[in-house]
Amino acid sequence: MRALIQRVSQAEVAIQDATSGTFDGLIEGEPRRSIGRGFVIFLGVGKGDGEAEADRLWRKISKMRIFADGEGRTNLALGDVAGEVLIVSQFTLFANCRKGNRPSFADAGDPAHAGDLYRYFCAVALRDMGAVSVGEFGADMAVSLVNDGPFTIWLDTDEL
């Protein structure tokens, strides 16, 4: 699994309404899903990924100390600052651009399995955090965020 984590002061995702093509239609009763201070996690599922990788990745993310303490040092984790999380599926994190100018996504997980694992990861985060918003797997989404820092971190379970 791969994750691109951005520390944010605020963020939201709007899911495109398939019938109108706009991003402001009601999706699952919510027109937009937003968070305040916390992390936006762009999550990609690769071939061979499973629940063990999802658990390991979430443990790493949830304990990352990248919020400033009283002395201005990055020493606090999400739980220490009552941070929120927005998780957005992002198969393009598995883009392979070695050949030509058109990315290959052959290393991304099968959509059915990847969707299940994305939902599993979201459930694990919700169990630990409570304040979790999510995108919709496979949907066209408009993501807006205010990167705080800026602070952006790349994680790959093959390297953890």
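I started with alanine 77, which is buried at a relative accessible area of 9% (buried means under 20%, exposed over 50%, partly exposed in between, with a 1.4 Å probe and protein chains only). This is a predicted model, where local features need pLDDT of at least 70 and side-chain atom pairs count only at pLDDT 80 or more, while totals for chains, interfaces and linings use all residues. Residues are numbered from 1 along each chain as its sequence is written, and side-chain values use heavy atoms, without hydrogens and water.

I placed alanine 77 in the loop between strand E5 (74-76) and strand E6 (84-89) (strands, E, of at least two residues and helices, H or I, of at least four are DSSP runs numbered from the N terminus). Beyond neighbours within four places in sequence, I found alanine 77 in contact with Ser62, Lys63, Met64, Arg65 and Phe67 (heavy atoms within 4.5 Å).

Next I looked up arginine 7, in strand E1 (residues 2-15). Arginine 7 is buried too, with a relative accessible area of 9%. Its side chain reaches the backbone oxygen of isoleucine 66 at 2.4 Å.

Then I turned to the largest nonpolar core, which has 28 residues (such a core is a set of buried Ala, Val, Leu, Ile, Met, Phe, Trp, Tyr and Cys residues joined through side-chain atoms within 4.5 Å). Ile41, Leu43, Trp58, Ile61, Ile87 and Phe121 have the most contacts inside this core. I noted that H2 gives the most to this core, seven residues. Apart from this core lies another, of 10 residues, including Val8 and Leu93.

Methods
Polar contact = N/O pair within 3.5 Å; in protein donor to acceptor, adjacent residues only side chain to side chain.
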